[in-house]
Amino acid sequence: MHDIAIIGGGPVGLSVAVAAKLAGLDSLVLEASPEAVSRDPRVFALSYGSHLILKRWGVWEHLTDAQPIRVVHVSQRGRFGHTLLTAEELGIDALGYVVSYADIMHALRARIAVLGVDVISGARVATIQTEPEAAVVHFEQALAQRVLGARVVAQADGGANLFRETRSTERDYKQHALVAEVACERAASDHAYERFTGQGPIALLPLGGSHALIWTVPAGDAEGLLALEVGEFELALMQAYGERMGKMRLRGPRASFRLVLRYAHRIASDRHVLIGNAAQTLHPGAGQGFNIGLRDAFELSQSLADCAASGGDLLQALRRYRAARRFDRAGGTLFTDVLVRGFSNDDPVLAWGRSLGLFLLDASGAPKRFLMRRMIFGNPG
Ligand SMILES: Cc1cc2nc3c(=O)[nH]c(=O)nc-3n(C[C@H](O)[C@H](O)[C@H](O)COP(=O)(O)OP(=O)(O)OC[C@H]3O[C@@H](n4cnc5c(N)ncnc54)[C@H](O)[C@@H]3O)c2cc1C
């Protein structure tokens, strides 16, 4: 029987697999997709803290295109006041790094191959049963029904949540994120830009010589914007963003993601634990989702390994995990939700207050550094 069966071989599932193996646990990953290469067009801003975790696990050296973010420029469209968050203020080389979903998956898979963790592709899990001595996972692979047992099951299915009833808080933002690569006339190659507009945030993350765009739009507008001719799309983007970036030129395809908040109340019970987007799915406006998922993976493997080393009951490890993740999950979720909702409106009084807030934050020393540290390392509680 495996120590841990991981459902979902996305970035968080594979992270748990790496961390568990390094902690001396026997793990197995079940991934529904049969493809070995990821076609997901998302691009992630990894925090400096996440980069340290990936380095420690020996994953970082397998990344091929990590791009440093040395400055984050935060502003509101058409309003005064902005804040510059700089790596220099914290005495570090970069606030974070930009990596593509495909590259992080490539790096995790490369590390998993070196470590020798089993990954079963094309294995779709249908149900999990928890029994006193083990968890039993039922899955389908190549049209055959299969079953396996594990001491613990980590559900990292990205929030599909198909097979366990989990109480959660949910919010449909009624927004989509449009993602694409754009070349911006006035963008610096080591700056990320976060611009709040009445319809939601627009983020630009440095990516080679251009920037990755994450443009929040009302759900009803997404399809129309994807269907626009390239020139019309660029015009719509420049109108939404304002003049600060100068000309913005589209490079390559566009895609869209529906945006919801889903926060599971209980992430660990019996022999079953939720992790990554399965535990909390956040708006991408603050770039926190995968960073929190990575810290989930780190803490879970640590709790299980400590428990195994002391000969304790794994159920105790899950209780410890649940308690240890409480503040970071709740803090990251609340921060993201308040940020994207508080800034996504055109109310002139609120807009004035936000401008003043950005202006004062920029001039502040300690509060700004505190905020930056929380964004980079999470909320330890
Ligand atoms: C537009 C956008 C931009 C983002 N930008 C950032 C960012 O800058 N920084 C950041 O930290 N986060 C960002 N995020 C969030 C980030 O994408 C997620 O937090 C992250 O992908 C979660 O990883 P995961 O492994 O939990 O889930 P997923 O990436 O969804 O992977 C889940 C995996 O489980 C598999 N699976 C599903 N069901 C089953 C089943 N029944 N059986 C077996 N396998 C199954 C799927 O095939 C998939 O491979 C962004 C999100 C969006 C939408």
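Helix 2 passes helix 7 in a left-handed crossing in this predicted model. Their axes cross at roughly 40°, and since angles under 35 degrees are what count as roughly parallel, helix 2 and helix 7 are therefore oblique to each other. On the helix 2 side, the residues in contact are Ser-50, Ile-53, Leu-54 and Arg-56; across from them, helix 7 brings Asn-291, Leu-294, Arg-295 and Phe-298. Sort that contact by class and you get four nonpolar, two polar and two charged residues.

Now for helix 1 and helix 4. Helix 1 also goes past helix 4 in a left-handed crossing, but here the pair is roughly parallel. From helix 1, Pro-11, Leu-14, Ser-15, Ala-17, Val-18, Lys-21 and Leu-22 take part. Helix 4 answers with Tyr-101, Met-105, Leu-108, Arg-109, Arg-111, Ile-112 and Leu-115.

| Helix pair | Residues | Axes come within | Crossing angle |
|---|---|---|---|
| helix 2 and helix 7 | 48-56 and 289-309 | 10 Å | roughly 40° |
| helix 1 and helix 4 | 11-22 and 101-115 | 10 Å | roughly 25° |

On to the nonpolar cores. The largest has 51 residues, and Trp-57, Ile-104, Leu-300 and Leu-304 are the ones touching the most other members. Take Leu-304: leaving aside residues up to four places away in sequence, Leu-304 touches Ile-4, Leu-25, Val-152, Leu-314, Ala-317 and Leu-318. There's also a second, separate core of 33 residues, with Val-74, Leu-90, Ala-177 and Phe-196 among them.

Methods. Residues are numbered from 1 along each chain as its sequence is written. This is a predicted model: local features need pLDDT of at least 70, side-chain atom pairs count only at pLDDT 80 or more; totals for chains, interfaces and linings use all residues. Side-chain values use heavy atoms; hydrogens and water are left out. Axes are lines fitted to C-alpha atoms, for helices over the stretch in contact, and angles run from 0 to 180 degrees between N-to-C directions. Helices (H or I, at least four residues) and strands (E, at least two) are DSSP runs, numbered from the N terminus. Angles under 35 degrees count as roughly parallel, over 145 as roughly antiparallel, 65 to 115 as roughly perpendicular and the rest as oblique. A crossing is left-handed if the near helix is turned anticlockwise from the far one by less than a right angle, and right-handed if clockwise. Contact means heavy atoms within 4.5 Å. Ala, Val, Leu, Ile, Met, Phe, Trp, Tyr, Cys and Pro count as nonpolar, Asp, Glu, Lys and Arg as charged, and the others, Gly among them, as polar. A nonpolar core is a set of buried Ala, Val, Leu, Ile, Met, Phe, Trp, Tyr and Cys residues joined through side-chain atoms within 4.5 Å. Buried means under 20% relative accessible area, exposed over 50%, partly exposed in between (1.4 Å probe, protein chains only).
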